[in-house]
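Here is a briefing on one structure.

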Amino acid sequence: MKVTVTGAGGQIGYALLFRIASGAMFGPGTSVDLRLVEIPAGMKSAEGTALELVDCAFGTLNSVEVTDDPTQGFDGTNVALLVGARPRGPGMERADLLTANGAIFAPQGAAINAAAADDVRVLVVGNPANTNALIASAHAPDVPAQRFTAMTRLDHNRALARLALTLEVPVKALSNVIIWGNHSSTQVPDITHGLLTSSDGTTRHLSDVLQEKLGGSTAVGSWLTESFIPGVAKRGAEIITVRGSSSAASAAAAAVDHVHDWVVGTQDAWTSAGVVSDGSYNVPQGLISSFPVRGQHGNLEIVQGLSVDPEVRARIDRSVQELIEEREMVTALGLL
Ligand code: NAX
């Protein structure tokens, strides 16, 4: 597999590249050729990372190249991880942020269109991830829109971890948790279909288990709205406060999970990913929004036919409205 990582000299890049090279993304039987893409200011850092990658002597790492030319970096690539992005600077409005990122993701989409392998799969990590993915996809008309995705797996993993801590159960006992919408503070962590499978194989609805643990449905309602949902949505800010810089290793782990489940598959299990809407769940067609998905047949397929709780529906509508506004803004800026 040829894997390209942009922003390779940054902190997520530093946590991500070693995991890909060690075989965590595709398994021990698949060797990888890594392409590290940076801007000139980040080249030294990426070059240093490349030296360390070589020194790990990973059995699954075939080659490493570093470049500041996106077309060269995406040449023949099977998986493109778009991590490098322009962060919001002081006094920057949303339109300024979208313009600055449009200047990154439009040419990267065009370079993927021109140079990547026919089966290229793209994961956008750099924020605002959903709309950056939309911009990149719009500039890659020969690549099916389903191959451009945005990362909400970190939010999904945060939701699982928080539930596991609250219920004092292993993460692997939990399933069918969902993140809907935008990767932003409006995201919608949803446990209404969530299940807990005990070690004896019995499966129970998470809502019932939570009621037992927290003392009734009112207590669960308050926990969801006052602790769980804002706790997941604001976890990134909490990490910044405690750690002094933004999530890196957990973001890298989520990117590995996202691509692994896309390429290798999830069998029947669900996860969450920002994928292009086909109109499912009343999310306007063409928006890149987070849905429950299964990795099947090499695709991320939206899990269909789920009932949506009215309170969750209202939250999804608010988050989707934010995505619509972002799309309108980038359309007005001529980025689509
Ligand atoms: P860093 O600032 O450590 O690294 C970013 C790197 O990208 C820098 O080395 C920079 O030189 C490079 N870069 C900038 N423009 C580039 C371009 N046009 N081509 C190639 N490289 C370019 O940031 P880091 O902590 O690694 O975060 C990267 C992005 O991930 C940010 O946009 C961040 O907001 C986003 N995140 C997204 C998450 C998600 O769940 N979707 C979670 C983690 C993270 O916050």
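Two strands pair if DSSP finds at least two bridges between them. Helices (H or I, at least four residues) and strands (E, at least two) are DSSP runs, numbered from the N terminus. This is a predicted model, where local features need pLDDT of at least 70, side-chain atom pairs count only at pLDDT 80 or more, and totals for chains, interfaces and linings use all residues. Residues are numbered from 1 along each chain as its sequence is written, and side-chain values use heavy atoms, with hydrogens and water left out.

- Three strands form an open sheet in the order 7-10-11, with antiparallel pairing.
- Strand 7 (174-175) and strand 11 (203-205) are the edge strands, and each pairs on one side only.
- Two bridges link strand 7 to strand 10 (residues 195-197) in the antiparallel sense.
- Leu174 has Leu196 in strand 10 as its bridge partner.
- Helix 7 (residues 206-214) packs on the sheet and touches strand 7, strand 10 and strand 11. Contact means heavy atoms within 4.5 Å.
- The direction of helix 7 makes about 75 degrees with that of strand 11. Axes are lines fitted to C-alpha atoms, for helices over the stretch in contact, and angles run from 0 to 180 degrees between N-to-C directions.

- Most residues other than glycine have a negative phi, and most peptide bonds are trans.
- Asn127 and Pro128 are joined by a cis peptide bond, with omega about -5 degrees.
- Pro128 sits in the loop between strand 5 (121-124) and helix 5 (129-138).
- Asn176, not a glycine, has a positive phi of about 60 degrees. Its loop runs between strand 7 and strand 8 (178-180).
- Asn176 counts as buried at 15% relative accessibility (buried is under 20% relative accessible area, exposed over 50%, partly exposed in between; 1.4 Å probe, protein chains only).
- Asn282 also has a positive phi, near 60 degrees. It lies in the loop between strand 12 (271-276) and strand 13 (288-296).
- Asn282 counts as exposed, at 65% relative accessibility.

**Largest pocket**

- A pocket is an open set of points on a 1 Å grid over the protein atoms alone, where a 1.4 Å probe fits, with protein on both sides within 12 Å along at least five of seven lines; lining residues have an atom within 4 Å of a point.
- The lining of the largest pocket has 48 residues, with Ala85, Pro87, Val125, Gly126 and Asn127 nearest its centre.
- Helix 4 gives the largest share of this lining, seven residues.
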